[in-house]
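Reader: I have a new model open and would like to learn how to read its features with you. Could we go through them together?

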Amino acid sequence: ESGQEEGLNSSQPESLLSLIQIELVDADLAVQILGSHGVMGVLIFTRMKSAKILETPRADTFLKSLLAKFFHNLNENTLESSRCLQKMIDCLPGLQEMQESLPALKNKRKEIIMVKIAIELYGQYLMKFDGPLYERYQFEFLPFVAKFYSSLTEEMIRRINMEIKFVINCKELNQLLVMKKLPEEYEQYYKAQALQFMNLTGGSLLADYYSDYS
């Protein structure tokens, strides 16, 4: 692989570098995670470590620990699990942050993997907590995820899928993450999601419920 594809270097735009202008809570491990999971990985690790969400993982188990914690709490229905999920979501780069960084991530596989994982966690979280109208899911999340996957080539998708399967290595992977082979398959999947939620809500917006009182 060429050295230009990965890594933190002077060619990285300021918008991406600004994501990690935070105090590192474990500098040695953060450097290891930078090598394994890029700038986005360091951002997520540092925020979650500061929020005391994750025990200090090894760099090679960081993603697996992150997903295990998230999906354990997603499948619980307690106040404590809901609070933990909210804290985890708050530690992820926001949709706006990720959207602003997309142009810088075009050929950076490690960063794209972390954006994909952040997207998947957002989607799962919103599907559980954004009801009954799912406005954020429909009008913020779905347009962003469509833009993200349409920016990837078939070859990039193949490579990130291989790496995710290697790093996470669990039989439940397809239950945790949306794993498709082609940009068109992601497009079809999320179009179906959009239609499903439009049918579920009848195309209603929160403003519709207050229109009679305006």
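Author: Let's start with the rings. Rings of Phe, Tyr and Trp (its six-membered ring) pair if their centres lie within 6.5 Å; planes under 30 degrees apart count as stacked, over 60 as edge-to-face and the rest as tilted. In this predicted model, there are eleven aromatic pairs.

Reader: What are the centre-to-centre value and the plane angle for Phe45 and Phe62?

Author: Phe45 and Phe62 are edge-to-face, with 6.0 Å from centre to centre and 90 degrees between the planes. This pair joins distant parts of the chain, as Phe45 sits in helix 2 and Phe62 in helix 3, 17 residues apart. Helices here are DSSP runs (H or I, at least four residues), numbered from the N terminus. Phe45 and Phe62 are both buried, where buried means under 20% relative accessible area, exposed over 50%, and partly exposed in between (1.4 Å probe, protein chains only). Now look at Tyr137 and Phe141: their ring centres are 5.1 Å apart and their planes at 25 degrees, so this pair is stacked.

Reader: How far apart are Tyr137 and Phe141 in helix 7?

Author: They are four residues apart, so about one helical turn separates them. Tyr137 and Phe141 are both buried. They also belong to a cluster linked by ring pairs, together with Tyr134, Phe148, Tyr149, Tyr186, Tyr189, Tyr190 and Phe197.

Reader: Before we go on, what should I know about how the values were made?

Author: Residues are numbered from 1 along each chain as its sequence is written, and side-chain values use heavy atoms, with hydrogens and water left out. As this is a predicted model, local features need pLDDT of at least 70 and side-chain atom pairs count only at pLDDT 80 or more, while totals for chains, interfaces and linings use all residues.

Reader: Thanks! At which residue does helix 7 bend?

Author: A bend is the angle between axes fitted to the seven residues ending at a residue and the seven starting there. Helix 7 bends by about 35 degrees at Phe141, and Pro143 follows within four residues. For the 16 residues of helix 7 that gives 22 Å, and the end C-alpha atoms are 22 Å apart, in agreement.

Reader: Which helices do the buried residues of helix 7 pack against?

Author: Contact means heavy atoms within 4.5 Å. The buried residues of helix 7 pack against helix 5, helix 6 and helix 10; among them are Gln138, Leu142 and Val145. From helix 10, Gln193 touches Tyr137 and Leu142, as well as Met127, leaving aside neighbours within four places in sequence. Gln193 is itself buried, at 8% relative accessible area.

Reader: How many residues does the largest nonpolar core have?

Author: First the idea: in soluble globular proteins, nonpolar side chains tend to be buried together. A nonpolar core is a set of buried Ala, Val, Leu, Ile, Met, Phe, Trp, Tyr and Cys residues joined through side-chain atoms within 4.5 Å. The largest one here has 61 residues, and Met48, Phe70, Met98 and Phe141 have the most contacts inside it. Helix 6 gives the most to this core, with eleven residues. With 17 of its 21 residues buried, helix 6 is largely enclosed by the rest of the structure. Beyond its neighbours within four places in sequence, Met48 contacts residues including Ile53, Leu66 and Cys91.

Reader: Which backbone details deserve a look in the loops?

Author: The peptide bond from Gly131 to Pro132 is cis, with omega near 5 degrees. Tyr134 has a positive phi of about 55 degrees although it is not a glycine, and Tyr134 is buried at 14%. Lys52, in the loop between helix 2 and helix 3, also has a positive phi, near 60 degrees, but Lys52 is exposed, at 74% relative accessibility.

Note on methods: Helix = DSSP H or I, 4+ residues; strand = E, 2+ residues; numbered from the N terminus. Expected span 1.5 Å × (residues − 1).
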